[in-house]
Amino acid sequence: MNGKLECKLVNYQLDANNCQQFGDSQDNDFANRLKKNLKKLKPWLKKQDTNCYRIYDADLPEYNVAIDVYDDCLVVQEYAPPKTIDTEKARRRLQEVLLYLPAVTGVPAKQIMLKVREQKKGKQQYEKVNTTGNRKVVWENGAKLYVNLTDYLDTGLFLDHRITRQKVRQMAKGRDVLNLFSYTGSVSVAAALGGARSVTTVDMSNTYINWAKDNFKLNKLNGAYHFVQSDCLQWLVGHNGKYDLIFVDPPSFSNSKRMDTTWDVQRDHVILLTQVRRCLNPGGTIVFSNNKRGFKLDHDAMAELGLAVENISAQTIPQDFARHSNIHQCYVLTLS
Ligand SMILES: C[S@@+](CC[C@H](N)C(=O)[O-])C[C@H]1O[C@@H](n2cnc3c(N)ncnc32)[C@H](O)[C@@H]1O
């Protein structure tokens, strides 16, 4: 009784079926937009050789999420809302997204992962958020790669770099390749599959170096493949190896406790590229990319280093990322 009112307590079991029934009406702005996107993506997808791609990227500002397909799963990332947005409203909108997704995509709710992404900086960016240890194998252009959709903020595979990986693969044949800030080594795998003579993979994190090794094993790659767990900035200073192709994709910012100083790609890219250039064989190429919005490459400094610059950002943004074409910038720097 609630005062004089008689009350009933009823427990319902929510499962894929009764969620679907409700979502089935699908007369909702988000659901309609997603259906439109899926239809539009279909012909493009037929020509792609991957089971990982983006299907929605904050197309409607009030549904401020990115949604990626990883094989039979979906990863929903919530962009941090601007401070002006009513948090209760944002929460309701997110619930709508999660409610309609199974019905529109056919992916059961338990295979939909939600990640709340705020503007994280430095070490926070790569910290564990879970410990399930669940990983799955996905594929892309002939490479198999492990992803983990639950334990970290990132999955192990940056989908916006799909074309970049292909470019590196095409440039790698017969060359000694160095991959700096390698993360899980997906670019290294691409280089190895492209016929690189050797591939050296450097990252500060043990977890990611081991993940990169596992990715090589998964692709049955045996050869002159080297893995180094080290701070790239320190490692480069004392390093005398020479390479024909160097891929560099540093974080925008970092203040990791493993580093002596902070890192800011805008402030520090010239110092980094000066060190990287020292490791380049004559006629060698650097592919330099980063995700800093509004990043400006110091062209004068590149000229002083004898590096010719080609901005390949536009060519390396896949169609499924076209809505946010500033997601990364990418340059080919050639020793002239
Ligand atoms: C690929 S980079 C950054 C990716 C993307 N460009 C971004 O901004 O998020 C991420 C990787 O850099 C590594 N990392 C960060 N600082 C590093 C350093 N000083 N030396 C080596 N690896 C580093 C991290 O462990 C992580 O695997």
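Visitor: How are residues numbered, and what pLDDT do local features need?

Guide: Residues are numbered from 1 along each chain as its sequence is written. This is a predicted model, where totals for chains, interfaces and linings use all residues, side-chain atom pairs count only at pLDDT 80 or more, and local features need pLDDT of at least 70.

Visitor: Happy to hear it. Which domains does the assignment give, and what distance separates their centres?

Guide: The bounds come from an automatic or database domain assignment. That assignment gives domain 1 (16-119) and domain 2 (136-335). Taken over C-alpha atoms, the centres of domain 1 and domain 2 are separated by 29 Å.

Visitor: Which element gives the most to the side of domain 1 that touches domain 2?

Guide: Two residues are in contact if their C-beta atoms, placed from the backbone, lie within 7 Å, and the contact takes 18 residues from domain 1 and 19 residues from domain 2. Elements here are DSSP runs numbered from the N terminus, with helices (H or I) of at least four residues and strands (E) of at least two. Those giving two or more residues to the domain 1 side are helix H2 (29-46) and strands S1 (52-57), S2 (65-70), S3 (73-78) and S4 (112-116). With four residues, the element that gives the most is S1.

Visitor: At which residue does H2 bend?

Guide: H2 has 18 residues and reaches 26 Å from its first C-alpha to its last, close to the 26 Å expected (1.5 Å times one less than its number of residues). A bend is the angle between axes fitted to the seven residues ending at a residue and the seven starting there. In H2 the bend is about 30 degrees, with proline 43 following within four residues, and the place is lysine 40.

Visitor: Against which elements do the buried residues of H2 pack?

Guide: A residue is buried if 20 or more other C-beta atoms lie within 10 Å of its own, exposed if 12 or fewer, and partly exposed in between, with C-beta atoms placed from the backbone. In H2, the buried residues are Phe30, Ala31 and Leu34. They pack against S1 and H3.

Visitor: And where does H3 bend?

Guide: Helix H3 (residues 87-105) has 19 residues, and its buried residues include Arg93, Val97 and Tyr100. After the helix comes glycine 106, with a positive phi near 80 degrees. The bend in H3 is about 25 degrees, proline 102 follows within four residues, and the place is leucine 99.

Visitor: Is lysine 220 buried or exposed?

Guide: Lysine 220 sits in the loop between helix H6 (206-218) and strand S9 (225-229). Its phi is positive, near 55 degrees, whereas most residues other than glycine have a negative phi. Because lysine 220 has 7 C-beta neighbours inside 10 Å, it counts as exposed.

Visitor: Which residues come nearest to the ligand?

Guide: A residue is near a molecule if its C-beta atom, placed from the backbone, lies within 6 Å of it. The shell around the ligand divides into 10 nonpolar, six polar and three charged residues; Ala, Val, Leu, Ile, Met, Phe, Trp, Tyr, Cys and Pro count as nonpolar, Asp, Glu, Lys and Arg as charged, and the others, Gly among them, as polar. Of the 19 residues around the ligand, those that come nearest are Phe181, Tyr183, Met204, Ser205 and Cys232.
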